[in-house]
Amino acid sequence: MSESPPTTPTCYRHPGRETYVRCTRCDRSICPDCMREASVGFQCPECVAEGRRSVRPARTAFGGGAAGRHGYVTKTLIAINLLVMLASIASDRGGDAAAGGTGFGGLLGGGTPLTEWGAVLGRAVFLDGTIGGIAEGQWYRLVTAMFLHYGVLHLLLNMWALWVLGRSLEAVLGPLRFAALYLIAGFGGNVAAYVFSAPNQMTAGASTAIFGLFAATFVIMRRLGRDTSAILPILVINLIFTFAVPQISIAGHLGGLVFGALMALVLAYAPRAHRTLVQASGSALIMVALLGLALIRTAALLA
């Protein structure tokens, strides 16, 4: 009785290719094109894909994505502010948008058609006789104001602070949580400026969000058990400038500081077991409170 010769194993993905290599996970034969190097031996593409799905992505101490270490959100925010500044200068058509205004001894720029359109403004009569402002339904001003600046110096000071503070916070919070912190702090500062400033006073600048980042840095460093002695003098100096320099929105800066701190407390002290839920709920509650304050102010201006 004759015996049939043993068959040579072939790749399960390429049946025409002979191979003696097997996947270390599923034990199927794989050819050189299908081999994926593993810690021990080789694996097939399906096992590699399955392994990647089963591995949890790296997270920061506060539940954020590890991609925050690249600073993509910080860089994007700076780019948006720069582009808006260029648009503001272009809208001025040769005015004092870049420099020549009255703030900081004349180094800050003046207003432009773009800042007039997007700055925080409660309610006022414009030169053409129209009435505008947040109380008149221009709610977008509470967002657009944090991307507008009165001059290049105003922009550069804020962007330098964003570059220094933003990258560190984004690395420990993750991109999504850092973006939420920045926007809520900026929005909160703008709401404070709307509520506590004169109705015809215009306010713009990323300073509301920047002050929120100062407060958040202090909260986050305390939560991580790090030394906060370096951040306190910088914060105090900025507060002194806020009260000492004319034409700076005190309400906007303090509002950004307060709501940035509140947002940082929500992000930093959410219980680990329900961290994402608590962080999302806390952020939503802060936004509801801010909208409530804005609605109360609107009702008062229209009464």
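Figure 1. Tyr269 is located in helix H9 (residues 250-269); helices are DSSP runs of H or I with at least four residues, strands are runs of E with at least two, and both are numbered from the N terminus. In this predicted model, local features need pLDDT of at least 70 and side-chain atom pairs count only at pLDDT 80 or more, whereas totals for chains, interfaces and linings use all residues. Residues are numbered from 1 along each chain as its sequence is written, and side-chain values use heavy atoms, with hydrogens and water left out. Together with Val258, Leu262 and Leu265, Tyr269 makes a nonpolar surface patch of about 350 Å². Such a patch joins, within 5 Å, nonpolar side chains (Val, Leu, Ile, Met, Phe, Trp, Tyr) of residues with over 30% relative accessible area and no salt bridge; like charges are joined within 9 Å. Accessible areas come from the Shrake-Rupley method with a 1.4 Å probe, and for residues only the protein chains shown count as cover. Tyr269 has a relative accessible area of 46% and is partly exposed, the class between buried (under 20%) and exposed (over 50%).

**Figure 2. The salt bridge between Glu46 and Arg13.** The whole structure contains 3 salt bridges, each defined as a side-chain nitrogen of Lys or Arg within 4 Å of a carboxyl oxygen of Asp or Glu. In the pair Glu46 and Arg13, the closest N and O atoms are 3.9 Å apart. Glu46 belongs to helix H1 (residues 45-54) and Arg13 to the segment before strand E1 (36-37), so their contact ties together parts that are 33 residues apart in sequence. Both are partly exposed, Glu46 at 37% relative accessibility and Arg13 at 38%.

**Figure 3. The salt bridge between Arg17 and Asp33.** The closest N and O atoms of Arg17 and Asp33 are 2.5 Å apart. Both residues lie in the segment before E1, so the pair links parts that are 16 residues apart in sequence. Arg17 is partly exposed, at 35% relative accessible area.

**Figure 4. The salt bridge between Glu136 and Arg123.** The side chains of Glu136 and Arg123 meet at an N to O distance of 2.4 Å. Glu136 is in the loop between strand E4 (131-132) and helix H4 (141-144), and Arg123 is in the loop between helix H3 (113-118) and strand E3 (124-125); the pair therefore ties together parts that are 13 residues apart in sequence. Glu136 is partly exposed at 34% relative accessibility, as is Arg123 at 32%.

How values were computed
Buried < 20%, exposed > 50% of the residue type's maximum accessible area, 1.4 Å probe, protein only.
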